[in-house]
Amino acid sequence: METNINSSEALLIQPEHPDYIFDGEFAENPDLIDIIIPNGIKRIEKWAFDRCDELKSVFIPESVASIGETAFFYCDSLISITIAQNNPVYHSANNCVIETASKKLILGCKSSVIPDDGSVTSIGENAFYGCDIENITIPACVTSIGESAFSFCRELKSVNLPDGITSICDGTFINCGSLTSITIPDSVTSIGHRAFEGCSRLTSISIPNGVTSIGDYAFNRCSGLTSITIPNHVASIGDYTFDRYSGLTSITVAQGNPVYHSANNCLIETAAKKLILGCKDCFIPTDGSVTSIAHSAFAECKGPKELFIPNEIKSIGAAAFSLCQGIKTIYCEAESKPEGWDDKWNINCNAEVIWGCNSEIENKA
């Protein structure tokens, strides 16, 4: 048996069952450092080695035909993964585990280098989940990346996605808190739910012109972003997609977009005349192009300090101004709360609300 592990130091583990390692069997075991899985084991179930923080290397024998996608979750110290050469289902290369027939990379670690020889064409769900990898180059032969593939890679700083990727799936880069740079190719047409949620150090993002949909929470909690530009083909923007933008000052929609437009740094659903997102340096249009404000549209905004709401606004959703610490005064042209405004339109907002103001206040806001 040929391995990349020093067999004199490696531990030949003894699973309870001779054919498989059951769900969570060795989870959170601090004594596992270099391990050899015995030949005869046919499957490694999910969570089998979850949070084995000291685990550095693992050898997987030729008998293993199934590896659960979360089998090695949060093995932060893992740097070496080797598959026996005669395994008919999997092989290893550059410390990646690859499902040979499908050319899918199913498991990586912080020392992984994705092969660029065509042996990998897809990256599976959760493949690098929780890895302490800092930078990753995804070669041109990769055409798809699964959900949560790089979720919680908290040390990941930069990623270049190759041409050929058509979608960024749900949660692909969620909570990559060190990510400062990502290149999205023109081939991408959709950005999934929570794709970049919690990427708090991401300071800029260029959304390609071919993108037609952006999912719920896609850029939620990306507090480092100061501006966003929505291309003209985007026809669907999910709920809370750009919520909780503490630093956002500029919102622009490309001319010619048939569904959305921007005005005064507000994002507006054109046909519905609904303002769905505001920011620090915005003010609400008074020309009748906006008649409603969506729920959470200004949630957690740091400004503007003063905001004028004209009579044209007939409805406001719940929590539209929730936690708006930067807004000190809201001037309303209406004499009292209109019937169409939700009772909780300004819940958890400390701004003073002044009713019966004329449109001249607009110039102050």
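The legends below describe close-up views of a predicted model.

Residues are numbered from 1 along each chain as its sequence is written, and side-chain values use heavy atoms, with hydrogens and water left out. Because the model is predicted, local features need pLDDT of at least 70 and side-chain atom pairs count only at pLDDT 80 or more, while totals for chains, interfaces and linings use all residues.

**View 1. Strand E5 and its partners.** Strand E3 (residues 34–36) pairs with E5 in the parallel sense over three bridges; two strands pair if DSSP finds at least two bridges between them. Ile-36 has Phe-59 as its bridge partner in E5. E5 also runs parallel to strand E7 (residues 80–83), joined by four bridges, and here Val-58 stands opposite Ile-81. Both faces of E5 are covered, with Ser-57 and Phe-59 buried on one side and Val-58 and Ile-60 buried on the other (buried: under 20% relative accessible area, with a 1.4 Å probe and protein chains only).

**View 2. An open sheet of five strands.** The strand order is E22-E23-E24-E25-E27, and the pairing is mixed. Strand E22 (260–263) and strand E27 (315–316) are the edge strands, each pairing on one side only. Four bridges join E22 to strand E23 (residues 266–269) in the antiparallel sense, and His-261 has Ile-268 of E23 as its bridge partner.

**View 3. The largest nonpolar core.** This core holds 77 residues, and those touching the most other members are Phe-128, Phe-150, Phe-173, Phe-196, Phe-219, Phe-298 and Phe-321 (a nonpolar core is a set of buried Ala, Val, Leu, Ile, Met, Phe, Trp, Tyr and Cys residues joined through side-chain atoms within 4.5 Å). E23 supplies the largest share, three residues. Apart from this core lies another, of 27 residues, including Ile-21, Phe-26, Leu-55 and Ile-83.

**View 4. The surroundings of Phe-173.** Leaving aside neighbours within four places in sequence, Phe-173 is in contact with residues including Phe-150, Leu-161, Ile-182, Phe-196, Glu-197 and Cys-199 (contact: heavy atoms within 4.5 Å).

**View 5. The largest cavity.** A search of the whole structure finds one cavity of 30 Å³ or more (a cavity is a set of points, on a 1 Å grid over the protein atoms alone, where a 1.4 Å probe fits but cannot get out; lining residues have an atom within 4 Å of a point). The largest cavity contains about 160 Å³ of space. Its lining has 23 residues, with Phe-72, Phe-73, Leu-107, Gly-108 and Ala-127 nearest the centre.

Note on methods
Helix = DSSP H or I, 4+ residues; strand = E, 2+ residues; numbered from the N terminus. Buried < 20%, exposed > 50% of the residue type's maximum accessible area, 1.4 Å probe, protein only. 1 Å grid on protein atoms, 1.4 Å probe; cavity = no way out; pocket = protein on both sides within 12 Å on 5 of 7 lines; lining within 4 Å. Points joined across faces, edges and corners; volume = space filled by probe spheres on them.
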